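Reader: I'd like a close look at one single part of this one, please, rather than the whole tour. Take your time, and connect it to whatever sits around it.

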Amino acid sequence: MAHRDKLDALLPFVPYRYRPDRKPPYIRPWMVPQALWGFNLRAFLAPEDWNRIRKDAYARSGSRCRVCGGRGPQWPVEADEGWAYDDERRIQTLKGVISLCPDCHDVRHWGKTLTEGRQDAALAWMAEERWTRLFGQFLGLNKLYPVVVMPPF
């Protein structure tokens, strides 16, 4: 196997932040339809089934964040569900479950982070993850939280 083939085989296991094929921002908020706010896979599964799914995601990532490679101070990672939404047919499809550190998870669930008053820490993390002010404005974060301070590249 050639050197490049070996590298390509490893890429799915490398946090996005360190992959040469990924460019910042490495994580962005999910735009969840309002009717689905507060609903999640964990709420619909038996605890033992949810535990099996989330622990599998943790094991696949080595209990490290799939975005930044980091770990949280209280617990290393949290399970994050990736969904696709078909607004016309009103169908929500699970795409997968990955491990995120608490900081990246707060960015992913921006609306929840705002309602819980944790936006300052999440914005600081976004700046560290190389967000730009322009991208934040594109997502409308300046409207959701007017003091968006993100340094340019």
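Author: Let's start with what a pocket is here: an open set of grid points with protein on both sides within 12 Å along at least five of seven lines. The part I'd pick is the second largest pocket, with a volume of about 280 Å³. Keep in mind that this is a predicted model.

Who lines it? There are 16 residues in the lining, and the ones nearest the centre are Tyr16, Arg22, Arg28, Trp30 and Arg108. By class, the lining splits into 8 nonpolar, 2 polar and 6 charged residues. Strand 1 and strand 2 (91-100) each put in at least two residues, with strand 2 giving the most, at 4.

Now follow Arg108, one of those residues nearest the centre. Arg108 makes a salt bridge to Asp80, with the closest N and O atoms 3.3 Å apart. That pair ties together distant parts of the chain, since Arg108 belongs to helix 4 and Asp80 to strand 1, 28 residues away. Buried or exposed? Both Arg108 and Asp80 are buried.

Asp106 pairs with Arg118, the closest N and O atoms being 2.4 Å apart. Again distant parts of the chain are linked: Asp106 is in helix 4, while Arg118 sits 12 residues away in the loop between helix 5 and helix 6 (119-128). Asp106 has 16% relative accessibility, so it counts as buried, whereas Arg118, at 30%, counts as partly exposed. Shared partners then join Asp106, Lys112, Glu116 and Arg118 into one salt-bridge network. Across the whole structure, 7 salt bridges turn up.

For context, the largest pocket holds about 950 Å³ of space. It has 34 lining residues, and those closest to its centre are Val32, Trp37, Gly38, His109 and Lys112. Elements giving two or more residues to that lining include helix 4 (102-108) and strand 1 (78-86).

Helix 3 has the highest confidence, at a mean of 95, and helix 8 the lowest, at 49. Over residues 142-153 the pLDDT is below 50, and that stretch has 29 contacts in the model beyond near neighbours in sequence.

Technical notes: Residues are numbered from 1 along each chain as its sequence is written. This is a predicted model: local features need pLDDT of at least 70, side-chain atom pairs count only at pLDDT 80 or more; totals for chains, interfaces and linings use all residues. Side-chain values use heavy atoms; hydrogens and water are left out. On a 1 Å grid over the protein atoms alone, a cavity is a set of points where a 1.4 Å probe fits but cannot get out, and a pocket is an open set with protein on both sides within 12 Å along at least five of seven lines; lining residues have an atom within 4 Å of a point. Grid points are joined across faces, edges and corners, and a volume is the space filled by probe spheres set on the points. Ala, Val, Leu, Ile, Met, Phe, Trp, Tyr, Cys and Pro count as nonpolar, Asp, Glu, Lys and Arg as charged, and the others, Gly among them, as polar. pLDDT is the predictor's confidence in each residue, from 0 to 100. Contact means heavy atoms within 4.5 Å. A salt bridge is a side-chain nitrogen of Lys or Arg within 4 Å of a carboxyl oxygen of Asp or Glu. Buried means under 20% relative accessible area, exposed over 50%, partly exposed in between (1.4 Å probe, protein chains only).
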